[in-house]
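Subject: Structure for your review

Dear colleague,

Please find the sequence and the structure below. My notes on what was found follow directly after them.

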Amino acid sequence: MIFALITMFLLGIGNFALHSAVLDSGHPLTKELSEQMPDFVQLLGGKLTLVAEFLVLLAAMMLAANGWPGLVWIYGGYSALNAASAWLILSGRI
């Protein structure tokens with residue numbers, strides 16, 4: 001269980017870093033999406049989405065700590081999708 005929590009925590013740090021990099025990139029995709037979002041999402045310069053990222057991490061870690069250690073694989077897949085999409089955005093392929 002401790003290994004699962006440590007792994008999820010480290011993946012969460014990576015997810016936060018990638019999320020911040022994409023938000024700070026100024027990519028046209030992020031600008032278009034932010035214009036379509038409600039006003040409350042645009043609080044803090046659009047960084048409110050990082051709160052959602054934190055809530056996903058918190059829920060996953062709480063479930064893993066309460067008897068769902070296999071959830072680390074699901075969170076790992078979620079992190080892999082985040083990494084792939086961040087790479088596509090930051091490298092200019094999208």
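I begin with Ala60, which counts as buried because its relative accessibility is 7% (buried means under 20% relative accessible area, exposed over 50%, and partly exposed in between, with a 1.4 Å probe and protein chains only). Ala60 lies in helix 3 (helices, H or I of at least four residues, and strands, E of at least two, are DSSP runs numbered from the N terminus). Leaving aside neighbours within four places in sequence, Ala60 is in contact with Met8, Leu71 and Tyr75 (contact means heavy atoms within 4.5 Å). Between Ala60 and Val72, which are 12 residues apart in sequence, the C-alpha to C-alpha distance is 7.7 Å.

Please note that this is a predicted model, in which local features need pLDDT of at least 70 and side-chain atom pairs count only at pLDDT 80 or more, while totals for chains, interfaces and linings use all residues. Residues are numbered from 1 along each chain as its sequence is written, and side-chain values use heavy atoms, with hydrogens and water left out.

Overall composition

The protein has 4 helices and 0 strands, in the pattern α-α-α-α along the sequence. Of its 94 residues, 23% are buried. Among contacts with a separation of 6 or more, 75% come from residues 24 or more positions apart.

Nonpolar core

The largest nonpolar core has 9 residues: Ala4, Leu5, Met8, Leu57, Ala60, Ala64, Leu71, Val72 and Tyr75. Such a core is a set of buried Ala, Val, Leu, Ile, Met, Phe, Trp, Tyr and Cys residues joined through side-chain atoms within 4.5 Å. Helix 1, helix 3 and helix 4 (71-90) each give two or more residues to this core. In soluble globular proteins, nonpolar side chains tend to be buried together. Ala4 touches Pro69 and Val72, not counting residues up to four places away in sequence.

Helix 1 against helix 3

The axes of helix 1 (residues 2-24) and helix 3 (residues 49-65) come within 10 Å and cross at roughly 170°. Here, axes are lines fitted to C-alpha atoms, for helices over the stretch in contact, and angles run from 0 to 180 degrees between N-to-C directions. The two helices are therefore roughly antiparallel to each other (over 145 degrees; under 35 is roughly parallel, 65 to 115 roughly perpendicular and the rest oblique). Residues making this contact include Phe16, His19, Ser20 and Leu23 of helix 1, and Leu50, Phe54 and Met61 of helix 3.

Leu50, in helix 3, is buried, with a relative accessible area of 16%. Not counting residues up to four places away in sequence, Leu50 touches Phe16, His19, Ser20 and Leu23. The C-alpha atoms of Leu50 and Leu23 are 9.6 Å apart, although 27 residues separate them along the chain.

Helix 4

The structure holds 1 aromatic pair. The ring centres of Tyr75 and Tyr78 are 5.5 Å apart and the planes are at 40°, so the pair is tilted (rings of Phe, Tyr and Trp, the last by its six-membered ring, pair if their centres lie within 6.5 Å; planes under 30 degrees apart count as stacked, over 60 as edge-to-face and the rest as tilted). Tyr75 and Tyr78 are 3 residues apart in helix 4, and therefore separated by about one helical turn. Tyr75 is buried at 4% relative accessible area, whereas Tyr78 is partly exposed at 28%.

Ser79 also lies in helix 4 and counts as buried at 6% relative accessibility. Apart from neighbours within four places in sequence, Ser79 is in contact with Leu11 and Asn15.

Yours sincerely
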